[in-house]
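Please look at the model below before reading on.

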Amino acid sequence: MKDQIQRRRFIKQSLAAGGSMFFMANLTSLKAEKKIKNILANETLQTIHNLRTIHGNFSKKNLTHDQIRDIVDATVQAANSSNIQTYSIIVVKDRQKMQNVCGYQGGCMLVFCADHNRIHRSAKYLGYSYHSDNIINFVTATMNTMLAAQTAVIAAKSMGIDSLLTNGLHRGDMDRVWKILNLPEKNCFPLIALILGYPTEEPVYNKGRLGGVGVVHHETYHSLTEEDLDEITAAYDDHSTHLALNPDWDKQGFSHYQDWLYRDWLDEASNPINQETQMFQLLKRSGYVDLQNES
Ligand SMILES: Cc1cc2nc3c(=O)[nH]c(=O)nc-3n(C[C@H](O)[C@H](O)[C@H](O)COP(=O)(O)O)c2cc1C
């Protein structure tokens with residue numbers, strides 16, 4: 001009963017906060033597509049609500065030249081700071097290369113890198129010097145790069161092509177990514193790989209998202225109360241929301257989904273770091289976190 005009340009309140013708050021939790025709880029079910037068609041007003045919204053990750057089980061079918069061109073053409077339409085597109089996209093069709101770069105393979109891979117090399121080269125070519133060696137430029141380039149990556153995901157889905165965004169390229173020896181893709185060591189940093197393709201099996205359901213308290217704040221930041229945390233816990237525990245990465249958490253003996261999340265899934269990544277990571281070393285090499293570097 002308490003659970004029911006909590007869930008009702010969560011949904012009510014989410015509706016007040018823009019309605020997305022209500023939609024998510026209902027739209028990410030097995031019948032998502034049908035319901036989306038009934039509820040959502042246009043094809044763009046339907047495409048966005050139909051997005052789902054294929055966790056590596058892509059078929060052998062490759063993307064055609066025209067499909068890749070159309071996706072890339074749409075990708076570069078993303079908003080970007082000063083319209084200088086401080087990113088590079090490496091298009092990879094070689095499946096073994098995909099595997100070696102990020103641990104997954106599919107019909108095509110796009111690797112998205114924050115990158116100022118084109119800007120540097122153009123400036124120098126015209127007799128200017130441009131310096132981008134600082135964290136501000138890296139953060140801005142990261143925003144540009146990730147907006148492009150998500151635009152690619154949406155464009156692909158609108159063409160019936162599924163996707164997997166992965167930071168697998170940051171696992172293991174990261175320097176391999178520079179070597180395999182011949183990336184410049186300076187002013188370039190690979191952020192994410194996007195595998196595109198067709199699934200070998202349909203996911204059973206699309207995952208839901210939190211869309212209310214703790215995610216969306218109104219006018220000012222709202223610090224979570226214990227009541228809010230109860231609601232979030234209940235939302236994760238409610239199987240119908242499909243928020244869980246592991247839907248079998250309760251069968252595995254956990255009282256709450258988040259017990260599984262923090263104990264099993266996030267456990268390793270949450271260890272305190274007691275030495276400089278390779279990522280930090282490579283960021284320093286790139287120049288993006290060292291104000292003293294000359295470009
Ligand atoms: C930065 C980032 C890294 C990710 N890395 C992986 C990954 O290495 N392997 C994987 O299977 N999914 C990966 N994902 C996909 C997420 O697991 C997925 O988006 C999330 O579980 C929600 O599922 P959905 O996209 O199907 O709604 C990644 C997503 C992002 C944004």
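1. Start with helix H6. Its buried residues pack against S1, S2, S3, H9 and S4. Helices (H or I, at least four residues) and strands (E, at least two) are DSSP runs, numbered from the N terminus. Contact means that two C-beta atoms, placed from the backbone, lie within 7 Å. This is a predicted model, in which local features need pLDDT of at least 70, side-chain atom pairs count only at pLDDT 80 or more, and totals for chains, interfaces and linings use all residues. Residues are numbered from 1 along each chain as its sequence is written.

2. Which residues of H6 are buried? They are Met98, Val101 and Cys102. A residue is buried if 20 or more other C-beta atoms lie within 10 Å of its own, exposed if 12 or fewer, and partly exposed in between, with C-beta atoms placed from the backbone. Viewed down the axis of H6, the buried residues fall within an arc of 70°, so they line one face of the helix. The arc is that of the directions from the helix axis to the C-beta atoms. Just after H6, Gly103 has a positive phi of about 90°.

3. Ile180 belongs to helix H9. It touches Lys97, Asn100 and Val101, leaving aside residues up to four places away in sequence. Ile180 and Met98 are 82 residues apart in sequence, yet 9.7 Å apart in space, C-alpha to C-alpha. Ile180 is partly exposed, because 18 other C-beta atoms lie within 10 Å.

4. Now the core. The largest nonpolar core has 39 residues, and those with the most contacts inside it include Met109, Val111, Phe112 and Ala152. Such a core is a set of buried Ala, Val, Leu, Ile, Met, Phe, Trp, Tyr and Cys residues joined through C-beta atoms within 7 Å. S1, H6, S2, H8 and S4 each supply at least two residues of this core. Helix H8 gives the most, with eight residues. Apart from this core lies another, of eight residues, among them Ile232, Ala234, Leu243 and Trp249.

5. Not counting residues up to four places away in sequence, Val111 touches Ile90, Val92, Val101, Leu169, Leu181, Pro190 and Ala193.

6. Over the whole chain, there are 12 helices and four strands. Of its 295 residues, 30% count as buried. Residues 24 or more positions apart account for 75% of the contacts with a separation of 6 or more.

7. Next, the ligand. Its surroundings include Arg52, Thr53, His55, Gly56, Ile192, Lys207 and Leu245. Strand S3 (residues 162–166) gives the most to this shell, with three residues. The shell divides into four nonpolar, six polar and two charged residues. Here Ala, Val, Leu, Ile, Met, Phe, Trp, Tyr, Cys and Pro count as nonpolar, Asp, Glu, Lys and Arg as charged, and the others, Gly among them, as polar.

8. Two loop residues stand for checking. Ser82, between helix H5 and strand S1, has a positive phi near 60°. Asn182, between helix H9 and strand S4, has a positive phi of about 55°. Ser82 is exposed, with 9 other C-beta atoms within 10 Å. Asn182 counts as exposed because it has 7 C-beta neighbours inside 10 Å.

9. Last, confidence. The mean pLDDT (the predictor's confidence in each residue, from 0 to 100) is 88 for the chain, and 85% of residues reach 70 or more. Over residues 1–34, pLDDT stays under 50. Where pLDDT is low, the predicted coordinates should not be read in detail.

Definitions and conventions: A residue is near a molecule or strand if its C-beta atom, placed from the backbone, lies within 6 Å of it.
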